[in-house]
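Please read them with the structure open.

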Amino acid sequence: MAAEDLVERRSIDVVPDDERHGTAFSQFTLWLGANLQITAVVTGALAVVFGGDVVWSVVGLLLGNLLGGAVMALHSAQGPKLGLPQMIQSRAQFGVRGAVVPLLLVILMYVGFFASGSVLAGQATAELTHTNDTTGIVVFAVVTAVMAAVGYRVIHVLGRVASVVCALAFVYLGIRLLDRVDLSALLGDAHFDLPMFLLAVSLSASWQLAFGPYVADYSRYLPRTTSGRATFWWTLSGSAVGSQWSMTFGVLVAASAGDAFLANQVGYVVGLGGTGLIASLLYFAIALGKLTINVLNTYGGFMSMVTSISGFRGRKTLSPRGRAAYIAVIMVAGTATALLGKDSFLTSFKDFLLFLLTFFTPWSAINLVDYYLISRERYDIPALFDPEGRYGAWRRDALTVYGVGILAQLPFLVTHFYTGPVAEPLGGADISWIVGLAVPAALYWLLARRDTQHVPEETRYALASPQKD
């Protein structure tokens with residue numbers, strides 16, 4: 001393949017049929033590789049760090065991964081059908097310009113995940129390059145930005161490589177961990193605590209739901225004839241298996257290591273494997289796993305920024321220089337956040353995950369209800385780029401439901417800086433994400449089913465000639 005064929009030309013425009021390629025299985029390798037990584041390990045560990053036991057933490061994390069992963073995979077199945085990035089589809093619900101409301105929050109999410117990933121990957125990169133954490137974070141950020149600029153094909157290649165390398169690393173680390181811990185003692189100390197169980201569910205559900213705003217970005221090049229069911233199941237299985245594997249490892253590490261793990265997450269995990277060449281290989285595997293997910297975050301942030309601005313400027317494609325500029329903004333913002341927050345990572349990351357959930361569950365609910373129940377997979381794609389078209393500039397009904405969905409969660413929310421009044425009677429359990437899915441889904445369905453004039457008889461794909469930025 002020539003270098004010019006490797007570099008992606010598309011941004012938020014529709015992928016033509018003659019550029020579609022691949023199979024639904026590509027979603028399995030991508031999402032397996034993206035989840036076999038150190039931040040997922042830390043996410044699982046948080047369930048124990050904040051008071052859970054091993055058995056019920058693992059069960060709660062599994063439940064959250066399956067529930068959140070199913071929602072995320074339903075978004076993935078939209079990609080082959082429409083050939084569009086995920087957030088551009090939000091214009092059908094919120095309006096061509098109204099979609100900027102959830103988009104701004106999505107961009108903040110990408111910056112936050114870029115930062116949190118860079119903190120941990122920076123530690124591994126620093127060890128590999130024999131520098132300090134700050135230098136490691138900066139080096140890692142630059143490599144991430146370069147790969148995101150190349151685009152879709154290299155992202156999937158990276159996912160395939162990471163799925164193999166990281167799987168082998170986690171098998172080896174798992175064997176080493178089981179040699180050190182008394183597994184029967186850890187499993188025998190099971191004591192069900194509802195708030196801690198629901199925290200575990202919320203941690204993994206938020207992890208999965210946070211992929212929703214960009215998951216279709218990585219399935220949109222699949223042929224239009226690709227089965228929606230196959231896309232759903234391969235995405236769900238890759239993401240759920242990868243994340244549960246990593247999070248279970250995190251639970252066992254946190255339960256057996258305590259403060260030794262909390263003081264240096266990356267260093268402790270690598271120390272399980274050994275020293276010398278083995279340690280270097282494990283640092284490489286950690287950096288590779290984080291590179292995979294951080295490239296996804298950077299690419300998703302770039303797509304969301306283009307979508308936000310194009311809603312007002314009306315342009316659909318980018319020059320290479322414009323693409324590089326958007327990606328540089330994500331890189332600089334994420335790197336700065338990582339450098340500022342690297343010393344308070346664990347507490348900040350847990351609150352960041354749960355707070356994100358407040359904003360993305362209503363968006364997921366509205367998007368999925370509209371796509372599967374109201375529009376029934378039929379969109380007028382040219383109208384997604386026209387504020388005067390079928391979907392209009394602002395759809396106040398969806399924006400109102402979105403706001404209600406956010407507010408409905410606040411009484412149930414539990415974070416370090418805010419706890420809702422209903423959380424205490426529930427023993428401190430956070431069920432806000434369940435409310436955030438159910439309330440806006442029901443409200444949007446009730447409102448939208450009575451006004452279906454924006455739904456075409458069949459999906460329209462034809463687009464006007466694109467303009468260059």
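1. Helices (H or I, at least four residues) and strands (E, at least two) are taken here as DSSP runs, numbered from the N terminus. On that basis the protein has 19 helices and zero strands. The radius of gyration, taken over C-alpha atoms, is 21 Å, close to the 23 Å that the globule rule gives for 469 residues, so the protein is as compact as a globular protein of that length. The globule rule is 2.2 Å times the number of residues to the power 0.38. Along its principal axes the C-alpha trace spans about 65 × 60 × 40 Å.

2. Some ground rules apply. This is a predicted model, in which local features need pLDDT of at least 70 and side-chain atom pairs count only at pLDDT 80 or more, while totals for chains, interfaces and linings use all residues. Residues are numbered from 1 along each chain as its sequence is written, and side-chain values use heavy atoms, with hydrogens and water left out.

3. Burial and contacts come next. A residue is called buried under 20% relative accessible area, exposed over 50%, and partly exposed in between (1.4 Å probe, protein chains only). Buried residues make up 59% of the 469 residues. Contact means heavy atoms within 4.5 Å. Of the contacts between residues at least 6 apart in sequence, 88% join residues at least 24 apart.

4. Which residues have the most contacts inside the largest nonpolar core? They are Trp 31, Phe 249, Phe 261 and Leu 296, in a core of 124 residues. Helix H15 (residues 277–313) gives the most to this core, with 16 residues. Apart from it lies another core, of ten residues, including Leu 198, Ala 205, Leu 209 and Trp 433. A nonpolar core here is a set of buried Ala, Val, Leu, Ile, Met, Phe, Trp, Tyr and Cys residues joined through side-chain atoms within 4.5 Å. In soluble globular proteins, nonpolar side chains tend to be buried together.

5. Phe 261 deserves a look by itself. Leaving aside neighbours within four places in sequence, Phe 261 is in contact with Val 42, Ala 45, Val 253, Ala 254, Tyr 268 and Val 269. Gly 258 lies in the loop between H12 and helix H13 (259–263) and is partly exposed, with a relative accessible area of 28%.

6. Two serines sit inside helices. Ser 246 lies in helix H12 (residues 228–257) and counts as buried, at 0% relative accessibility. Not counting residues up to four places away in sequence, Ser 246 touches Asn 35, Leu 36, Gln 37, Ala 40, Val 41 and Phe 170. Ser 364 is placed in helix H17 and is buried too, with a relative accessible area of 1%. With the same exclusion of residues up to four places away, Ser 364 touches Val 71, His 75 and Leu 437.

7. On aromatic residues, the structure holds 23 aromatic pairs. Tyr 214 and Tyr 218 form one that is edge-to-face, at 5.7 Å centre to centre and 80° between the planes. Tyr 214 is buried, with a relative accessible area of 0%, and Tyr 218 is buried, with a relative accessible area of 0%. Rings of Phe, Tyr and Trp (its six-membered ring) pair if their centres lie within 6.5 Å; planes under 30 degrees apart count as stacked, over 60 as edge-to-face and the rest as tilted. Ring pairs link Trp 31, Tyr 110, Trp 207, Phe 211, Tyr 214, Tyr 218, Tyr 299, Phe 302 and Tyr 326 into a cluster.

8. Two residues in one loop need checking by eye. Arg 376, in the loop between helix H17 (345–374) and helix H18 (396–409), has a positive phi of about 50° although it is not a glycine. Arg 376 counts as exposed, at 55% relative accessibility. Glu 377 lies in the loop between H17 and H18, and its phi is near 70°, a positive value in a residue other than glycine. Glu 377 is partly exposed, with a relative accessible area of 33%. Most residues other than glycine have a negative phi, and most peptide bonds are trans.
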